[in-house]
Structures are given as C-alpha cells and as structure tokens.
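Work through the exercises below with the sequence and the model at hand. Try each task before reading its solution.

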Amino acid sequence: MARRIDVTGAGGVRLAAWEFGDPPKTDPAKDLPKQAAPTQAVPKQAAQDRTADRPEPAQSGPGEPERAPGVLLLHGLMGRASHWASTARWLSERHRAVALDQRGHGQSDKPPRASYTRGAYVEDAEAALEQLGLGPAVLIGHAMGALTAWQLAAKRPDLVHGVIICDMRASALGAASQREWEDWFKAWPVPFATLADVRKWFGEDDPWVERPNPSRGEFYAEVMHESSDGWRPVFEPEQMLESRETWVYDAHWEELAQVQCPALVVRGLDGELGRAEAQEMVRVLPRGEYAEVADAGHLVHYDQPDAWRGAVEPFLDTVLTDRTG
C-alpha cells in the first residue's frame, strides 16, 4: 500500500508525500502504481487514506518502543515519488519509507509563479522531514534529488542521519548543457499517441539513447498522463528547465564538504557521474563511501534494482547500527 500525506512546502506549495508499506516486489517497472490523470489520486487506496493529520515524531519517548528510522526518497528532475516504489517497499521492512513528489512534479502543485530555486527545493524537503516526523532521517536522492539531499544535510545536520547520492555530479555543467536540454525537450514528439509510443521513443528512438533501454522507456512512461489529444508529461518542461538552471552553472563542492553525516556516493558504470569525479566526491565528504553498479546508466535504481539494493543496503545497515548503538 502507498498512503498519501500532503505536506506544505516553501511558499505554501502543496506537496504530495507517499508512505510505502507494501512487501517487496521483483520488477519495479511492472509494479509501480498505475498512472492516472493529475486530478486523480494514485493509487486509489491512497485517496481513501489521504489525511491532513501529521504522524507522530520519529523519536520515541521514555518507555515507548523504538520507532522505525525514517527515510526520505527524493527523485530527480522530471521524476516522481512512484519511481522509488520498488526501493521503498524493501526499505519499509525496517524503515519508515516516504517518497516525495517535489514541487512541479508528480501530484504536487505546479504553480506557474512559484519559486523553482535550489533554496525552495531544499526547504520543501526540510518541511517534509519536520511535518512527517521523519528526522533525523536518511535521505536517498537521485540526480537533482541527490543535490537537494546533500544541501539539506549541510544546512540541517540535526535532521539528517545519512545521505545516499545516486548519480549526481558536484561540478558545474555549464551553459552548453542547458542548451542541450532545451533542444532535447523541443525534440519530444508530443503528444504521444499511446504509452507504447512513449516507451519506444524514450527507450529506443530518443537521440540520447545509445542502445535500446526498456527500463528508460518505463521510467518516462511513468511521468505521462493521458490528455484529450494523447499522452503528455505530468510536468511543465519550462519549469523543469527553470529548476535545472538554478544548479547547472555552479559547482557544489563546498556544500558537499559540509555534510557531516555518513554519505554514500553511488554511480552507474555507464551513468552521467564519472568514476574520477565520484571518487573525488567521496574524498571531499568527511564520511564518504563509494559504490558503483555494473550494467547501469543514469537510472541506476531502474536499470539494476537488485544490484542497487546490494550497493546501498550495507550502508543503510551501518547507519542504522550507528543510530541505535
């Protein structure tokens, strides 16, 4: 089951958080919550369970049983909370696992005049930890979500007990990278006639795809919804570019060096984060560790879900032991 709990982010933006409690599944592409139009809750049970009540804080009082340690999962640019469904299900065996639809994404609000700055994303994650009573928690972030995770860990060490950074660079990407993304969005053949067309284009026909990648097709199918003329993204591409523009021109090494909690840097062997930069990130982190996943690209947790679990679970066990020791 995935239960929806609304959170109020920076500037009053409504954010959808999803608490997972299902038993583990084997195929993340097949077991994700089914896509619905933005006006509907996903899944149906989540709508029935939606509540404005805030859960009890994660800390246990005297004589009370120890509460499950919190984990907040942060997706990357264009992603959504349901991309973490497979990971969150096995996490829920020992943790309270919550995935956040970040502003402009998934079923969270997408106000045209809202702030899509780095500060806003970090404040949203901070608000989620506080309002959901998750802290101190482990933050697991992919790409943009990983940057948010380590920026929050640097800002609020009292709220963060550990960080997992999945395939996100600390170096500046520059203006050329932003222009490439602008051109890429323009190349999308939207609207797509069917979800099969979505899977085929992003998994095979997209010029950015070097070889067929079905998991990539599934990843993008999850962020589409059906409109009157076909399938379109649940996000506004202009807001994605605005969000990206707030980090691509800057390096983020200084904030990385301020992360005092244990941190794991994970890269796909064929991902966007190179080995040399990943290892330099580990060196800069005061308590950094390194892991890589073979036969995986940027979407590590989608490409190789079992190997992804094998890479991060020992780190989580160590953080959990430190918390309870």
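**Exercise 1.** Decide whether Phe 185 is buried or exposed in this predicted model.

Solution. The relative accessibility of Phe 185 is 10%. The limit for buried is under 20%, so Phe 185 counts as buried.

Phe 185 lies in helix H6, residues 175-187, together with Trp 181. The two are four residues apart, about one turn of the helix. Trp 181 has a relative accessible area of 13% and is therefore buried.

**Exercise 2.** Classify the ring pair of Trp 188 and Phe 235, and state which parts of the chain the pair ties together.

Solution. Start with the geometry. A pair of aromatic rings is described by the distance of the centres and the angle of the planes. For Trp 188 and Phe 235 the centres are 6.2 Å apart and the planes stand at 70°. An angle over 60 degrees counts as edge-to-face, so this pair is edge-to-face.

Then locate the partners. Trp 188 is in the loop between H6 and helix H7 (195-205). Phe 235 is in the loop between strand S8 (230-233) and helix H9 (237-245). The pair therefore ties together parts that are 47 residues apart in sequence. Both Trp 188 and Phe 235 are buried.

Finally, widen the view. The whole structure holds 18 aromatic pairs. The rings of Trp 181 and Phe 185, with centres 6.1 Å apart and planes at 65°, also make an edge-to-face pair. One aromatic cluster includes Trp 181, Phe 185, Trp 188 and Phe 235, with Trp 201 and Tyr 302 also among its members.

**Exercise 3.** Describe strand S9: how many of its residues are buried, which way do they point, and which strands does S9 join?

Solution. S9 covers residues 263-268, and six of its six residues are buried.

In a regular strand the side chains alternate between the two faces of the sheet. In S9, Ala 263, Val 265 and Arg 267 point one way. Leu 264, Val 266 and Gly 268 point the other way.

Now take the neighbours. Strand S6 (residues 160-166) runs parallel to S9 and is joined to it by four bridges. Here Val 163 stands opposite Ala 263. Strand S10 (residues 288-293) is also parallel to S9, with six bridges between them. On this side Val 265 stands opposite Tyr 290. From S9 the chain crosses to S10 through helix H11 (residues 275-284), in a right-handed β-α-β crossover.

**Exercise 4.** Compare the surroundings of two salt bridges, Arg 96 with Glu 19 and Arg 94 with Asp 317.

Solution. Side chains of opposite charge can pair when their charged atoms come close. Between Arg 96 and Glu 19 the distance from N to O is 3.0 Å. Arg 96 is in strand S4 (residues 96-101) and Glu 19 in strand S2 (residues 14-20), 77 residues apart. Arg 96 is buried at 15% relative accessible area, and Glu 19 is buried at 17%.

For Arg 94 and Asp 317 the closest N and O atoms are 2.5 Å apart. Arg 94 sits in the loop between helix H3 (85-91) and S4, and Asp 317 in helix H13 (residues 305-324), so the pair ties together parts 223 residues apart in sequence. Arg 94 is partly exposed at 42% relative accessibility, and Asp 317 is partly exposed at 29%.

Definitions and conventions
Residues numbered from 1 in each chain as written. Predicted model: local features only at pLDDT ≥ 70, side-chain atom pairs only at ≥ 80, totals over all residues. Heavy atoms only, no water. Phe/Tyr/Trp six-rings, centres within 6.5 Å; stacked < 30°, edge-to-face > 60°. Buried < 20%, exposed > 50% of the residue type's maximum accessible area, 1.4 Å probe, protein only. Pairing = 2+ DSSP bridges. Right-handed = clockwise from strand over helix to strand, strands pointing away. Salt bridge = Lys/Arg side-chain N within 4 Å of Asp/Glu carboxyl O.
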